[in-house]
Amino acid sequence: AIALKPDFAEAHSNLGVTLQEIGRLDEAEASLRQAITLKPDFAEAHYNLGNTLKELGRLDESISAYVDAINLKADFDDAYCNLGLALKPARFNKRDQSLYPVLINLLNTGNFVRPKDMAGAISSLLRLDNLIEDELLHTTAFTDIKEAGRAIKALAQVPLLHQLMRICPLPDLQLEALFVSMRRVLLVGFGQIEASPEIIYFLSTLSLHCFTNEYAYFETEEEAELISVLEATIAERVAQASQPTLSETLILAAYRPLHQYDWSKKLQVLDQLPEVKVRLVEEPLGEDVIAQNIPALSDVDDGVSRKVREQYEESPYPRWVKLAIAPKEKSVAEFCNEAKLQLHSENIKSVFSPSILVAGCGTGQHSIETASRFANCKVTAVDLSRASLAYAQRKTSEL
């Protein structure tokens, strides 16, 4: 075809895909680059080039190729999925703010990848941002509310950071130290806070983040005492048919799960922040109702299992917002062939409607991802913890 029509970009791209599949990666790259030279807006060729570069281990170039494909074709689901896979082991060593819009879409749109799988890569990119780099240099210097306010205004200009924090723990100790310090200063200097849009935005992000990371941030005895006072203040106001301020509520939510309080159902002030209200109050309370109706296969008798169950009843783990749903279901045979599994028997490839057991499904990521991966399957998910199963059931129904 190329001999007959040398400028046939689609043929160069398809040749590149075929060369990649048979392992001739350098030739594949050359063909795909030729296709892009002939047709620069050929999104599929950029995507295929990304796949080849990923196979070659050139992750930075692979990521750039996927981003180019997405910029040319905004609804390119396969490109988003493979971009997420390329980001999983990647770490950035130079700043590139042009990646921010695509990464924000990857976090917010669809379920292409588990956010925690690319959190390391995104964190490494964010650390190179001038605004964040400047704040990290002053992490230990936060001593008053004015400094924290200045930092919050700076970080408001980095929406990618906020989007990541709102749905995923941050695997970065310096960033954690920064937010532990800022949270403490905001609590201690609470009376001096002006509830600006930037402050509310930051506090809503921080409250969602701390809920998702199971309140793992370190707190001092002073903070614990101040939180006790704040808990009592809010409870008294609600009891008197009044409402706490939005900043009061969000500061408490950055330290304690709101749904644990009897008065949480009466928090009208959170109507201004629907995402926060849903995630921190409505969904956990809904899970309590779901948990009551989950059937039990048997009693949990042994001591170890009881202790494990108690741990997860208190904290369904992990809390997650998005995950990786396969864009296309596959038969068992297709899956085995693509994974190049060395099977003792080929009989499993003839299973058309697999029944799959996920033993210990936790909060549902494994069971949902498995159900999305295999065609004509039925998945049974079991776990020790009703709280975890309720979370899994809520997310399963949601999806």
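Helices α11 and α13 cross in a left-handed manner, a crossing being left-handed if the near helix is turned anticlockwise from the far one by less than a right angle, and right-handed if clockwise. The model is predicted, so local features need pLDDT of at least 70 and side-chain atom pairs count only at pLDDT 80 or more, while totals for chains, interfaces and linings use all residues. Residues are numbered from 1 along each chain as its sequence is written, and side-chain values use heavy atoms, with hydrogens and water left out.

The C-alpha trace spans about 80 × 55 × 35 Å along its principal axes. Of the 399 residues in the chain, 48% are buried, where buried means under 20% relative accessible area, exposed over 50%, and partly exposed in between (1.4 Å probe, protein chains only). Among contacts with a separation of 6 or more, 66% come from residues 24 or more positions apart, contact meaning heavy atoms within 4.5 Å.

Two packed helices are described by the angle between their axes and the distance between the axes. Here axes are lines fitted to C-alpha atoms, for helices over the stretch in contact, and angles run from 0 to 180 degrees between N-to-C directions. Helix α11 (residues 173-188) packs against helix α13 (residues 221-239) at an angle of about 50°, the two axes being 10 Å apart. This angle makes α11 oblique to α13, since angles under 35 degrees count as roughly parallel, over 145 as roughly antiparallel, 65 to 115 as roughly perpendicular and the rest as oblique. On the α11 side, Arg183, Arg184, Leu187 and Val188 meet Glu222, Glu223, Leu226 and Ile227 of α13. The residues of this contact comprise 4 nonpolar, no polar and 4 charged; Ala, Val, Leu, Ile, Met, Phe, Trp, Tyr, Cys and Pro count as nonpolar, Asp, Glu, Lys and Arg as charged, and the others, Gly among them, as polar.

Helix α13 also packs with α14, at an angle of about 135° and with the axes 10 Å apart. That angle makes α13 oblique to α14, and the crossing is left-handed. From α13, the contact draws on Ile227, Leu230, Glu231, Thr233, Ile234 and Arg237, and from α14 on Glu248, Thr249, Ile251 and Leu252. By class, 5 residues of this contact are nonpolar, 2 polar and 3 charged. Ser228 also lies in α13 and is partly exposed, with a relative accessible area of 42%.

Attention now turns to α5 and α6. Helix α5 is mostly covered, with 8 of its 11 residues buried: Ala79, Tyr80, Cys81, Asn82, Leu83, Gly84, Ala86 and Leu87. These buried residues pack against α3 (43-55), α4, α6 and α7. In α6 (residues 100-108), the buried residues are Tyr100, Val102, Leu103, Ile104, Leu106 and Leu107. Their cover includes α4 (59-72), α5 (77-87), α7 (115-126) and α10 (159-167). Gly110 follows α6 and has a positive phi, near 65°.

Several loops carry backbone features of note. Most residues other than glycine have a negative phi, and most peptide bonds are trans. Ala241, although not a glycine, has a positive phi of about 65°; Ala241 sits in the loop between α13 and α14 (246-253) and counts as exposed at 75% relative accessibility. Lys340, also not a glycine, has a positive phi of about 55°. Lys340 belongs to the loop between α17 and β1 (355-359), and its 71% relative accessibility makes it exposed. The peptide bond from Tyr317 to Pro318 is cis, with omega near -10°, and Pro318 is found in the loop between α16 (303-314) and α17 (332-339).

The loop between α14 and α15 (274-292) contains Ser264, which counts as buried at 4% relative accessibility. A polar atom of the Ser264 side chain lies 2.9 Å from the backbone oxygen of Tyr261. Leaving aside residues up to four places away in sequence, Ser264 touches Leu258, His259, Val281 and Leu285.

Key. Helices (H or I, at least four residues) and strands (E, at least two) are DSSP runs, numbered from the N terminus. A polar contact is a pair of N or O atoms within 3.5 Å; within protein, one must be able to donate a hydrogen and the other to accept it, and residues adjacent in sequence count only if both atoms are side-chain atoms.
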